[in-house]
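Dear colleague,

Please find below the structure that I am handing over to you. My notes on it follow directly after.

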Amino acid sequence: MRIPEQIRRLTLVLAIIIGSTLIARFLLIPRSLVSEELHRSSTIQRELAKPVSFAGTAMCQGCHEDVASRVRKGFHKNLSCESCHGPASKHAEDPGAVKPFAPRDRKFCPVCHGYDPSRPTGFPQINPTAHNPVKPCFTCHNPHDPVPQRLPLACSACHAQIQRTTAVSSHALLQCTTCHTVPAQHKGTPRRALPSKPETREFCGKCHGVAASQKDAPKIDLTSHGGTYLCWQCHYPHLPEGRG
Amino acid sequence: MNKRQFLKSLLLLFPAGGFTGTLARWAGAKETGKTGADAGAADRRDAKAQGNGKYHPDRHWYGMGVEIDKCIGCSRCVDACKTENAVPQEPFFFRTWMERYVISKNGEASVESLNVKSKAAREAGQEDAEVLRSFFVPKLCNQCANPPCVQVCPVGATFSTQDGVVLVDANRCIGCRYCIQACPYGARYLHPQTKTADKCTFCYHRVVNDLLPACVEVCPTQARIFGDLKSKASRLVRFTRMNKIHVLKPSLNTEPKVYYAQLDGEVR
């Protein structure tokens, strides 16, 4: 059978087009234009090259150990330095030239401590218009170690979350002081005088041991129950299970 | 066009293609500082160094925990995020933002986003006898393990990294806003200067260098917790063990990696 001349030419032209497309796609176009993997790694490189504004508390502690150790023992122990002082990586690079922001304004503290009904119970809040107007906050409160001017009346003022948890548990009727001995200073300087915690299995056994006089507490045999584990390694005392 | 003209212009195509190819190769070499033939190899080495350096992305799987009971709605996280990531200061551009939920006694829930600009002058929530409860919810990109935004991107500009962070390649993004529509959490926005999609990266440039994301760093009550889900000792793993955890819109199967504790049922 004879192949017509037009078909042969057309086949030849098509072969050239396909061949040149393949050459262009796999030889001429550099890999960096088409490789997904390279695009991603270059995006990651660009992302990593971005400047860091917040240096991190660990960096601050390197030089300001005195302030940091004081903060760690007060109510502001969980605050990062840069929560109040603003981004300080430039200061960390050149401490002499760039000073971090130091809040002096009365508007600054109420951003956290102004009264707002949506804030969780137990978080210390004031009414900024009625609370010693005109005076800046730091005339009475040292932000590195804030001490409330009036001491909290109940444990739940600070430990609201534990109070809420315990309130729905079978330990609801127990006072905090049943298990914790609280030194008087704990209310003013909480980290410098910590309340005690139970240390032995026998402590829980005073109510939960077989010989205990407590009538409605579930009883266990301390010698056979739980081996050498301490009670609170399995039971959370603020929300003990096992009542059914 | 007759056949002769067609074949003539076809002949011109080959030198033109070769020329374009050489140009592209030359441009690629300029970028990496290598000669044409080395360009591809250099790129491959860079990609390899990513895995062989001291940071191993495959050994991490990042997530964030948010404890609603601790959040005081001070919006310092929102401010810090804008500073750290050069997000435009004006409202409506957020990588992370703060919502106040107010649930009234008739069961209606209202949500407002706290405005950073008017934050100092912001009025505290109203004390209202009709309010049953109200609380703050910080929101951010959920860095989904199964991200809808990645699926819809027509040019493949957004992708999940090995350590579980969804990133946007600003050089490839064409600004079509499809991902912004697709995100069920509203976590993306179009950057007004670059005109490309932008979103929370978990502060990838900080996290890789062992720093906390800016929002976690400044949170005064530690309502935000950041950690590596592949490390059993991380704070986040402990957080997920000690709390009852919810994620946003679990029915969408996006497998979010922002875990909320004490989340109210009204939160969407």
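In helix 3 of chain A, the residues A:Ser41, A:Ser42, A:Thr43 and A:Ile44 are buried (a residue is buried if 20 or more other C-beta atoms, placed from the backbone, lie within 10 Å of its own, exposed if 12 or fewer, and partly exposed in between). Helices here are DSSP runs of H or I with at least four residues and strands are runs of E with at least two, numbered from the N terminus. Helix 3 of chain A covers residues 36-48, and its end C-alpha atoms are 18 Å apart, which agrees with the 18 Å that its 13 residues should span at 1.5 Å a residue (the expected span is 1.5 Å times one less than the number of residues).

Please note that this is a predicted model, in which local features need pLDDT of at least 70 and side-chain atom pairs count only at pLDDT 80 or more, while totals for chains, interfaces and linings use all residues. Residues are numbered from 1 along each chain as its sequence is written, and chains are lettered from A and ligands numbered from 1 in the order in which they are written.

Helix 1 of chain A, residues 5-28, reaches 33 Å from its first C-alpha to its last, close to the expected 34 Å. The number of buried residues among its 24 is 0, so helix 1 of chain A lies largely in the open.

Chain A as a whole has 11 helices and 0 strands. Its radius of gyration is 34 Å, well over the 18 Å that the globule rule gives for 244 residues, so chain A is more spread out than a compact globule (the radius is taken over C-alpha atoms, and the rule is 2.2 Å times the number of residues to the power 0.38). The C-alpha atoms of chain A fill a box of roughly 110 × 60 × 35 Å along the principal axes, and 14% of the 244 residues count as buried.

Chain A is divided into domain 1 (55-148) and domain 2 (156-233), with bounds from an automatic or database domain assignment. The centres of these two domains, taken over C-alpha atoms, are separated by 34 Å. Contact between them involves 8 residues of domain 1 of chain A and 9 residues of domain 2 of chain A (two residues are in contact if their C-beta atoms, placed from the backbone, lie within 7 Å).

Where chains A and B meet, the contact takes 41 residues from chain A and 50 residues from chain B. Helix 1 of chain B gives the most to the side of chain B that touches chain A, with 7 residues.

Chain B also contains paired strands (two strands pair if DSSP finds at least two bridges between them). Strand 2 of chain B, residues 96-104, runs antiparallel to strand 4 of chain B, and 9 bridges join them; B:Tyr101 has B:Phe135 as its bridge partner in strand 4. Strand 2 of chain B also pairs with strand 3 of chain B, residues 109-113, in the antiparallel sense over 5 bridges. These two strands form a hairpin with 4 residues between them, and B:Gly107 in the turn has a positive phi of about 90 degrees.

An open sheet in chain B is formed by 4 strands in the order 9-1-11-10, with mixed pairing. Its edge strands, each pairing on one side only, are strand 9 (224-228) and strand 10 (245-246) of chain B. Strand 10 of chain B pairs with strand 11 of chain B in the antiparallel sense over 2 bridges, and B:Ile245 stands opposite B:Ala261 in strand 11.

Yours sincerely
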